[in-house]
Every structure is written in C-alpha cells, then in structure tokens.
Amino acid sequence: MKYHFNDIEAKWQEYWAEHQTFKAENKSDKPKFYVLDMFPYPSGAGLHVGHPLGYIASDIYARYKRHKGFNVLHPQGYDSFGLPAEQYAIQTGQHPSITTEANIKTYRRQLDQLGFSFDWSREVRTSDPKYYKWTQWVFIQLFESYYCNDADKAMPINELVDAFKAEGNARINAACDDDVEIFSANEWNAFSSEKKQEILLKYRLTYLAEAEVNWCPALGTVLANDEIVNGVSERGGHPVIRKKMTQWMMRISAFAERLLQGLETIDWPEPLKEIQRNWIGKSVGASVTFKIKEHDAVIDVFTTRPDTIFGASFMTLAPEHDLVNQITTPDQKAEVEAYVEATAKRSERDRMADVKTISGMFTGAYAEHPFTKEPIPIWIGDYVLAGYGTGAVMSVPCGDQRDYDFAKHFNIPIPNIFEGIDISEEAFADKDNTIIANSDFLNGLKYKEAVRKAIEELEKLGQGQGKINYRLRDAVFSRQRYWGEPFPVYYVNGLPQMIDEKHLPLTLPEVEKYLPTETGEPPLGNATHWAWDTKTNKVVSNELSHSASDTESINGVYPLELNTMPGWAGSSQYFNRYMDPHNSDEIFSQDAINYWQQVDLYIGGSEHATGHLLYSRFWQKFMFDKGLVPYDEFAKKLINQGMILGTSAFAYRLEGENKFLSKGLIGDKEVQPIHADVSFINSSDELDIEAFKKWRPEFKDAEFVLEDDVYKVGRDVEKMSKSKYNVVNPDQICEQYGADSLRLYEMFLGPLEQAKPWNTAGITGVHSFLKKLWKLYYDDNGLKISDTEPTKENLKTLHKTIKKVEEDIENFSFNTSVSTFMIAVNELTAQKCTTKQILEPLLVLVSPYAPHIAEELWAALGNQGSIATAPFPVFEETYLVESSKNYPISFNGKMRFTLELPLDMSKEDIEAAVLANEKTQEQLQGREPKKVIVVPGKIVNIVG
C-alpha cells in the first residue's frame, strides 16, 4: 500500500475541523499551557515558505504539551488593519474590508493545509468591530487614568481631580507634561471647565499634544520609526519628512523604569532584552538650566557629565527645537531656516546612524554659563534629536567625540578641563580616569566627587539638580488613515470627550475616497456621517455638528476624531482577548484570565522588539495596575525564530545599455544586477529569456549575450520577499511533497533561532524518510504490524528515541529531532521490526512534527479518535543499559570470532567461558595457551 500523502492530509484536516480536536476549554483538571504565535497581517500575496517557520515550531510544542497531559490553548487570528489594504483601496476604490476578507480566506486555507493545531473557535480579527470595541475600551481607560509616581502605578484620574480640589498640585508627584504650572486648590476650583480639562490632558495616560512625527506625504499618514527603512517608507519606498502635528500620544514614558526592571523577570532572548534596554535608555546625571542672553527663555539640558560643565564651549539645539525660531538673529535667519528644512527630510534613525557627516548652523544667539557667566554660542545640529532628552546639548568638545568633531569643523574653541590629558587629536571620555582641571571649585576632583559637587553648586544657583533620564519617548498614537480603529472621541470646544463605554464600538463610517481631504484632513474627513449626537448617542450627519472650534452647540451634536489608531493598538491586548474572545460584556472574564494567566510560550520575530513587544508590555502593566490581569508581564517565555532566506536570481544589465551579459562574461565590466523571478530559472541556473522578457516589458527588446548557448544568472542568498522575486509558495510544496514533508524540512534546516537558506531540492530527503516510515507499517500486501514481543534492539532504539526527542522538544532543538527520527526508522527497518509495542509509541513521538501521517497510521493500528491526546511515551533507562558484551576473541592479537557474555561476569568466569567454547578449542587444537589476557567489557586475547 502506497503513501498517498495528499489524500491522507486532506482527510485528517477535515477530521480535526469537524471534531474541533484542538478546542481548548477555560476549565480543566489538566494543567494549563498557553502557546501563542504573533498573529499575521493577511497580505494579498499569502504565505511563502518562510512564514510558517515559527508556526511549525509552536505547533510542535503545543502538540507535545497535549501529549504530556496539558490543557493547551493555541489560538490564531489576524492583525487585519493595515496600510496595504488601504493603499489598494486608494488605487481601486475597493473597501479595505473586502480586500482583507479575501486575503484572510487565502491565509486560512494555507494555514489549514499545513496541519496546525490552532483553536479556530477563538479566532480574532483586529478589524472586527466586536474586537476593536475592546481596543477602544482600553483607550478610554487610559484616558481616565494618570500615573502616580509615589504609588508607582496608574491610578484613576478622578482621584487626581479630588487631590486638586483639596490641595492643588504643588505636592502631586505624577507623570505629566513639562509645562504644567503650579496652582492652589482655590485656583483649581475657580478654573473654568475648559481650563480644568486642558490641565488634566497634561496628566492623562493618553493625551493630545503637538509632536514631531514621521510624515509621509505620498501615503498621507504618520509612520512609526519601525515603518521607515533607509529614510523612506517601508511600504512603497516613499520619502518621509519630520513635521509637527497635533497627535494622540501614549504616556509610555511613565512606565520606563518598570519596563526596564520587568525584563529581569521574563525568559526572553538576551539580544532582544538589550534592544529594549537601549531603547528605554536609562541615564543618571543632572538637569542644567542655561539662561539665554537678551531673552527671557532658558535652555534646559540633561547631561550624564555635569563634572565637565566648565568645558562647555557651545550649546547645540535640535533643528526642530521650539526655541530655534525665537532666538535666531535676523542675520542668521535665512541660513537657519534652510538648514531646518533640509533636516526635516531626514529620519531620526538616519541622523543617529550618520556619524561621518558634520553639519550645523549658528543661530546668532548666546547662552550664559551658569558659573562663569561667559557667553556660549548657540548652534543647531542634526546630531541632536528633539525626541531625546530636552532636544538640547551642553557641548563639551574636550570630553565628547561628536562635540569635538563639530567644534573642529566649525573652529569653535576646545578648552581642556582634564588634568594631564592631551586632547590635540581627540576627545577624552574615560570618566574613571578623570581628574578635573581649569574648573574653579571642581579642580583636582575625580569623576564621582566632581559630579556630586557640580550638582550641589547648580542646586545652590537654582539652575540644576540631579536627575534620572530615559531615552524612551511617549508614543504617537494617531494615524492619518482610514483603515484603523476609530477613536471613541468627539470634540466640544476643541477639547476631547470620550463616548460612553456602553455605546461602543464606534464603527468606521463609509467614505467615497480613502485619500486625505482637499483641505488636508485625514480620510475620515470625507465621511458625510461622522458626528456624535450626545442626546441620542449615535453617529449622525456632519451637517448637524459645529466645528471643533465652536464655543457652544445648539443641538448637542459634535465632530468626531478624524484620525485612527496605529497598527500596534490591536496587537497590544490580543493575547488576553483570546482567553475569552466571545465575551460581549467585558474584555475578558476574571475566571478566564485567572485560569490562563499569561502566555507560557510566545514565538515571533525580533523585528518587533521596539514596537509590538514594548507597547504590549506597557498595556499589560497598565491592565495590571487596573487589577484586570494577574501578571504585569504578558509572556513568560519568548523565542525569536530565525528567517528562512531565499536564493535570489540576478540578470546583469550593462550600464547605460539594453543588453544583458551572462554571469561568466561580466569580467570587469560595469553591470546593474536586476532581480529575475526564480520561477524562470532551472536547476542549472539558466534563465528562460522569453519568460523574462514577457514579465518585464521594458526589456522585451533587450539583447542577451549568452555563454555556451545559455544565459546563466547569478545567485545570492537574501531575505525571502515578493519584492526580490525569490519566494517559494507552500501550496506547491504541499501539492508535490505534502505538508508533513514541509513541516519536517523547515525544522531540519537548522536551529530555530538561526537564519537559513531555503533549497527546494533538499526536501526530497525528508519526503523519502516519510515514505520509509510508512513502509515500517505497510508493504505491498497491506498492514504488516504484529503482536510479537519486541527484541532488546527494538526497545533500545525506541527508548533512546524517546529520550532524545523529549530533550530536543524541551530545548526547542527541533532540527536534531528530525535526524533522530531518521536514525530510528533506519534501525527499526534493519531490525525488521513489526511489533505494535514499538511502532505504536513511535507514532506519538512523530506526531508533533508530522501529524497527518501519524494520525493515519495510528488509526490503522486500530486506535479510535485522534492521536493528539495520546500519552507521550515514558522513557525507561533500563532499556539503554547494556546487560551483555559481544567480546572480540583474539589469538595472538588476531580477532577470530566474537562471543556474547554477560557484562557482570568476573574476569575468571570470562576466561573459563572463552576457553570452554568450541571455537577456542578449534583454534588451540589441543595446545595449552601460554597466557590469557582478559579486559572485562572490552577484549579477550589468547596468547598461544
């Protein structure tokens, strides 16, 4: 009987779906285990073979845990709001929901055909109003909260209001905007309602502010830093500029220290933890205030080296700093404005990464040194970022290399404040070996003592104090696009009001166009019905509302927020919603959250380190403070799977000509490598020229210079991507080799965390293994399983396989398990093993990796139902302990035969047994041996 993998896989996928084999219950006597993948964005291209790598690994572990007796939650859903669907809507007019639904159908079909044990009854989609109702609900909770530094947790905003009523804000220690003014209880109680709302916005955990953002004019939206690559948008490669816009913000900075400390409590990859530590960027130092000559304004800076303050010979502001326009002198105005405009075209990441380019502009203004009172020139430079610290730097060129290079370039003085140090060639930054000089009261002091003294003197002047600073900035939470979660916000007199929770969800309106309006408003500005009636609590026609700047409403109808939430909003609590996804009364029940508690194993890419994985930790800590979740970290263990790389193909075009040279003819000629679709390339790296020409019409008349009558392409391993035309579709692999082969091969490629290149030819090896496994159970006459007792060799093979596979799965070393299976099948085949006592437990070992073939053979052995919950075989050490030894028996050093003897035989008994053996008698032919050498457990040598 042959191994008909396509039929087998379709049969068992249908069985699992019909019987809901992998549905998890929220109550069980079994211990719980929650395995989660980062849910996918359903793109139009569907899955390529690189995408399932993490899903296969998590599925193996989920299946293994079921075999080990756990109640396993292994859900899946879709991060279904996204820019690609909106861009397609802009181009075609098709509503993004239609595109998204079609893409989800493709994803679901592909995921099902790979045999994943997902609990689809818990599926969530971030674009489903029943789901984003709870995203909006969390937003409202954040709006109604502030961060109390004394309690070190989020607290209800009403408690802050009560404190203001009773004592004002002078003694309130809370996370807030820098420009909060001190007021008394009497003043607070006398403030207008609008004034109170404005003040509270400066404390709320989500608030409106004018912020520097990455604006992409072509896409008409703000982009997060991780959506920008090399200064252009990741989607479409469009230019991105920095500009100020009024945005919703998340006060994540209030949680900076907890986010930092929480990393010590979770089992996440150390490289990813380090990325988050650097992103949070804790620094200990001092804040220093510099007065500006001939201005009332001051410049606040944060420095980790207040001991070097006498070495400050200039100040540098970020070009976007609010003070630049105020202090720039008329003579410098044109040059400064030109420099600011040029800088706005560069992303923060580009500016941080570019350490070679030195640029800047003098504002014409001067600051006053706090101690010497000497004037210090104020410059702007793009190496200072508005989003880090205060956006201003006390530039000490003798102690900082970037300041040193800047000063050298612009001929700014470099005073030396370090005793015995030569700074003629470079700055000196070794604080541990610092002794301060030329610094008045700091002379002769070492680093730590000088820092303490400098802070003490600054505090006496009222121009500084010791401070802990974090690089982490509050997160922009607005996007100027249509396809995202609507904010549950309407505006009265320009101030935001929350829609009552009982009226959620606020759903997206229909719009005729998905582009920004002609006046530059976001796409929701195109909606004709996008105003909130506070009498009926319904969305009504815009014509009934007044503008956000109106002072009063005649009819109680107000404009709704036109921005939508960012991509990370829906992914910041989805892991908890899976625990109770159909609950319409609350985000999840306390019974559900207290049962599942947190994710036990989370698998996904490290590219989300400073996006989803940071924002989710922030939301979880907020939910913990609200008493809604039992843990303030959502995932105990995280594994970052590596990337499966594609093997790209390149055709080489001569520079400036419509001519392509075969790879071997390039030599020293200048050529432009152009990606060719890998489907046009055969196994000998030869290009189908006609297919290439049809595919790229601009090259339909191109000349191809051949070698040996063929065009040879170049090859390179790089990220598997549709844009590189090197993707391999899993549909084709499943059709040709089966899902079990694909699952095994992806694991066999190498360690889970490492990047590895895909080679379709390599899958034949694991496919051959599955056919060999099948033949252990079936031959041409049908099933060949017997009830015979297993041999010692059979038991040894089985139990060493149990031991290795269990160790491998627990250590996520899935690649070596595949090798172990191959060895086991080879050994059992050689042993001609047919016994059910061996071959039945072998199927349970194989099941997590190749579930379809395991199910089919399990059923063939007479078992009812699915193999999914069959107990995992128990390893028994005794079967690996050797009880006998096959001794080589030598005569005068030459081995003549072997003799199996018990390992616990004494030296004397071994000698007696060997001498009594008839084969020994034949060799000796009646002679007495001169000597018998016995090494127990190794050899016997008879000297005659």
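I looked for cavities, and the structure holds 6 of 30 Å³ or more. A cavity here is a set of points, on a 1 Å grid over the protein atoms alone, where a 1.4 Å probe fits but cannot get out. A volume is the space filled by probe spheres set on the points, which are joined across faces, edges and corners.

I noted that this is a predicted model, where local features need pLDDT of at least 70, side-chain atom pairs count only at pLDDT 80 or more, and totals for chains, interfaces and linings use all residues. Residues are numbered from 1 along each chain as its sequence is written, and side-chain values use heavy atoms, with hydrogens and water left out.

I went to the largest cavity, which has about 80 Å³ of space. Its lining includes Val 355, Asp 382, Tyr 383, Arg 402 and Phe 406; lining residues have an atom within 4 Å of a point.

Next I checked Arg 481. I found Arg 481 in the loop between β17 (475-476) and β18 (489-492). Arg 481 is buried, at 3% relative accessible area; buried means under 20%, with a 1.4 Å probe and protein chains only. Beyond its neighbours within four places in sequence, Arg 481 contacts residues including Leu 83, Glu 86, Thr 221 and Pro 523. Contact means heavy atoms within 4.5 Å.

Then I looked at the whole chain. I read 28 helices and 36 strands; these are DSSP runs, helices (H or I) of at least four residues and strands (E) of at least two. The C-alpha trace spans about 120 × 75 × 75 Å along its principal axes. Of the 944 residues, 54% count as buried.

Terms used. Buried means under 20% relative accessible area, exposed over 50%, partly exposed in between (1.4 Å probe, protein chains only). On a 1 Å grid over the protein atoms alone, a cavity is a set of points where a 1.4 Å probe fits but cannot get out, and a pocket is an open set with protein on both sides within 12 Å along at least five of seven lines; lining residues have an atom within 4 Å of a point.
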